[in-house]
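Here's a model to walk through, from the whole chain down to a single residue. Keep the 3D view open as you read.

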Amino acid sequence: MAGARPTVRRRRLAALLVEFREQAGKSLDDAAERIGCHRTKINRIENARLGISLGELRDLLTFYGVEDPTRVEEMVSLAQRSREPGWVQRAGLARPTYTDFIDYEGTADYIRSYQNNLIAGLLQTPDYAREVISARPSTLKLEEVDALVEARMKRQEVLQRSTPPRLCVIEAEAALRLQVGGREVMRKQLDHLEAMAGHPSVEVQVIPDRAGAHAGLAGSFVLFAFPNSMFSDVVCVEHRIGTFYMETLEETSEYTLIFDSLRSIALSPGDSLSMIARVRQEL
C-alpha cells in the first residue's frame, strides 16, 4: 500500500532507481514522461513510499540504459518481493544475504551497535574477521572465506568517507576477553579498537562485567538511523542463518531505549579506552 512503512527491499529498489536515473543523466520529469505519469509519482517511488509495476520498472530500466540481465532480474526480484516484511526470512523461502545490511551501513548517518561477544564488524581487523568467519560450522571454501573477509573490510570504508556516519559502539567486557584467533590476533584487534576509538566519528564504550545484569543480555543488535526523514530507523538482529530486520516505531523505540540504558551503565569513552588497554596488557 502507498501509505505503508517502506520495507527493506522497497528501500533498496528505490535507492537503485535513483542511482540509475542519475547515472543516466535523467530528471524526474524525464522519467515521468517516459512512463506517462506525474513527477510526483516518480518522487514517491524513489522515496520508497510507492511501489512500481513490473512493466513500469522494466521500461525505466531500459530508459536508464540498464542492460545487464543479472541487474535487471535483481531489480525485478526486489519489486516482486517489496511487500514482504524485510525483517523476516522464512525457512525454505530464501536464504538471507548481506545485501540489505550493507545497504543500511552505506546509507545510514547514525549507527548504534551493541555487541556482547564479538568486536563490532566495522571495527574488526582482517585476521580477527577471518577467525570469526572460519569458526562457522559450514562448508565454506578458502576462497569463500577470503571473499567474506574482503567484503567485511570493504564495509569499513564508510568510516573513511568525507562525511562518515556517526558510529557508537558498546562492547561487553566479554567481547574484549574472548581470545578469537589466540593472543596475538587479539592483541592486534584491541590495538585497532583503541585506534578506531580515536576516529572523530567513532565512540566506543565498554560495559564491565561488574555491571551485573543489564538490558543487553538478550543479545547483540545494530540500530540504523538515516538522513532521509522518510525512512524509519531499522534494527538488525543476527540469528543462526541470517538477520531479522525490524522497522516499526514500536520495535525501534524499544531498542533505542535498550541502547540508551546500556550507554548509561557503560564506562565513559575515556575509561573504556583504559579498560581496552588493560585487557590487552593482560593477554
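Predicted model: local features only at pLDDT ≥ 70, side-chain atom pairs only at ≥ 80, totals over all residues.

Residues are numbered from 1 along each chain as its sequence is written, and side-chain values use heavy atoms, leaving out hydrogens and water.

The chain has twelve helices and six strands, taken as DSSP runs (helices H or I, at least four residues; strands E, at least two) numbered from the N terminus. Of its 283 residues, 47% are buried, meaning under 20% relative accessible area with a 1.4 Å probe and protein chains only. The accessible surface is about 14,400 Å², and carbon and sulfur atoms hold 51% of that; the areas come from the Shrake-Rupley method with a 1.4 Å probe.

Now find helix H4 (residues 54-63) and helix H5 (residues 69-80), which pack at about 150° with axes 10 Å apart. Axes here are lines fitted to C-alpha atoms over the stretch in contact, and angles run from 0 to 180 degrees between N-to-C directions. H4 and H5 are therefore roughly antiparallel, a label for angles over 145 degrees. On the H4 side, Leu54, Leu57, Arg58 and Leu61 meet H5 residues including Val72, Glu73 and Met75, with contact meaning heavy atoms within 4.5 Å.

Finally, look at the loop between helix H3 (39-46) and H4, where Ala48 sits. Ala48 isn't glycine, yet its phi is positive, near 65°. Is Ala48 buried or exposed? At 0% relative accessibility, Ala48 counts as buried.

How values were computed
Buried < 20%, exposed > 50% of the residue type's maximum accessible area, 1.4 Å probe, protein only. Parallel < 35°, antiparallel > 145°, perpendicular 65-115°, else oblique.
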